[in-house]
Structure formats: structure tokens, C-alpha cells
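Here is a short report on side-chain packing and pairing. It covers the core, the rings and the charges.

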Amino acid sequence: MKKLIYFVAALATIAHLQSCTMAVVDAEEEGVWIKQPFLFGHGGIDPDPVTTGLSYGAFSSSVEYFRMTPQRYDEKFDDIFSNDNTPLDFNTYINIQIKKGKTPILLENYGKDWYLHNIQVYYRNKTREYVSMYSPFDLISNREVLNRIDNQLMQDMTNYIQELSKDKEFPITIKSITTGAARPNADQLTEMNRTASYIQAKRSEEQKTIAEKARAESERQRAIADKAYMTEMNLSPDQFITLKAWDIIEKKNGANIDVLFDGSASKMWNVKR
């Protein structure tokens, strides 16, 4: 008799488990039961969230799971315009945390796709608004400007959540916003590289011109100095050239002479050749 009782109890337990839905919630989650009685009773969202562990409900019920740690939502922008209508690409990230114990309220008021339906569009529009205030240079390389955009977005998103909560509680917290440095799109990058090459070539040509002018000025000043020396010493051109030649020989200590001349500028021989 006892064996029969145990057997029936075991069958009843198995039948009960097979007719149930099981919620398995880990340490960083909350689960919310959505009750849908098969025959009798009232359905709807259970106001008490399921924390870590196992929970059972009717087989017709279901469970929605929510991560309770801050979650990062990435938004990618293509061809967003700066203040001079330059198209830029960049990513921005918003970190949001659901308030503990409030997951049933979040599901009841805003549904399981609460970010998609209530945050994303507003966040993207506000981001475009602030980006359009700044130059491409600032958006690409000025971290101070990007931090300013982050702060403005944080304030706007926090105010937005508060406004929505006046009508229906929105139990989330905006933890942080990070705007990544902008990048020129492919066509814009090609044009920028072409412009940079042109500017570099122009600068190189300008530097070359400056160097040539400096060399010419140096030669002119040396010629003026040589002429002044000839005049002061009352030397003829041949005498001056001879003097300069002997000066070169003296600096070479008389060795490795390339040119031999007859004491004047009238005859010279390339000895080295």
C-alpha cells in the first residue's frame, strides 16, 4: 500500500512539473512572470520580480528576463552632418541600468522592448542636434568638445526619463554616455587626403623657394664682400682669383690638388682628370 502511495505521489509530482513553466534566474538578473491562466483566474504581470534561483508557474505563463547590471547600447551614425555640412561617421554609447526590484513596473509600463520604443529615437535625435553645432575638426580630435556633448546628452536624457516618469514610472537610470571621435566617410577621407597632399606639396615648394632665395642672398652678400675686398686691396680680377686659389691650396695643405694654374686666371689645367 505504501509503495502504491509513493508511486502515485511520484506521478503527481512529475505531472505537476511537466505542467509548469520554470524560471531560472542568475545572480545578475531579475525575472518577471507574465501569468496567463489556462482555465481560471486572472492573468497579467506579477508585481513581485523573481530573483536568483528557481521559480515555477503555470505552463501557460511565461517569463521575461532583465539584466540588472548596467547595459551598454551602441548607436552607429553614418553621414551625420557637422556645422559646415561635412558628413561624418561615428559611434556613441549609452549605459543604462534598471532599478532593482522594478522590473515588473518597467515591463508593465514600457514593455520588453523599452529601449527600442522609448529611448533610441530620442537619444539619436539629440545626438544629431549637438553634433551639428561643432566643426569637423572638433568632432574628430577635440576631446573637450566631445565631453561637452556627453554632458549635454546626459542632462537631456535624465530630464527625458523624469518627464516620462511623471505619467508612467520609468525605472531606469542613465549611468553614462560616451561620444566617440568622428571619422570622415570614405569619400570625405579621400578628399581630405587629396587636400592634405596638395597642402604638403605647396609647403615643400614654398620651403624650396625660401631656401633658394636664402642661398642667392648668401651668394650676393659674398660677392659684395669679395668686391669690397678687391677694391680695398686694389686687386685686379685675375689677382683676386689667384689669391682665392692659393687660399684653397693652403686649406688643403698643398695635397690632393685638382686644378693647376699659371699664377693667373688665364690658364688652368684639371690635374685630377
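Is Lys166 buried or exposed? Lys166 is exposed, with a relative accessible area of 64%. Here buried means under 20% relative accessible area, exposed over 50%, and partly exposed in between (1.4 Å probe, protein chains only).

## Basis

This is a predicted model: local features need pLDDT of at least 70, side-chain atom pairs count only at pLDDT 80 or more, and totals for chains, interfaces and linings use all residues. Residues are numbered from 1 along each chain as its sequence is written, and side-chain values use heavy atoms, with hydrogens and water left out.

## Salt bridges

The structure has eleven salt bridges. Each is a side-chain nitrogen of Lys or Arg within 4 Å of a carboxyl oxygen of Asp or Glu. Lys166 pairs with Glu163 at 2.9 Å, N to O. Both lie in helix H6, three residues apart, about one turn of the helix. Helices (H or I, at least four residues) and strands (E, at least two) are DSSP runs, numbered from the N terminus. Glu163 is partly exposed at 48% relative accessibility.

Arg67 bridges to Glu29, with the closest N and O atoms 3.5 Å apart. This pair links distant parts of the chain: Arg67 is in strand E5 (residues 62-67) and Glu29 in strand E2, 38 residues apart. Glu29 counts as buried at 15% relative accessibility, while Arg67 is partly exposed at 32%.

## Nonpolar core

A nonpolar core is a set of buried Ala, Val, Leu, Ile, Met, Phe, Trp, Tyr and Cys residues joined through side-chain atoms within 4.5 Å. The largest one has 34 residues. Trp114, Ile119 and Ile172 have the most contacts inside it. Helix H6 gives the most to this core, with seven residues.

Ile172 touches residues including Leu106, Trp114, Ile119 and Ile161, not counting residues up to four places away in sequence. Contact means heavy atoms within 4.5 Å.

## Aromatic rings

Seven aromatic pairs turn up in the whole structure. Rings of Phe, Tyr and Trp (its six-membered ring) pair if their centres lie within 6.5 Å; planes under 30 degrees apart count as stacked, over 60 as edge-to-face and the rest as tilted. Tyr73 and Tyr115 are stacked, at 4.1 Å centre to centre and 15° between the planes. Tyr73 sits in strand E6 and Tyr115 in helix H3, 42 residues apart.

Trp114 and Phe170 are edge-to-face, at 6.2 Å and 90°. Trp114 lies in helix H3 and Phe170 in the loop between H6 and E8, so the pair ties together parts 56 residues apart in sequence. Both Trp114 and Phe170 are buried.
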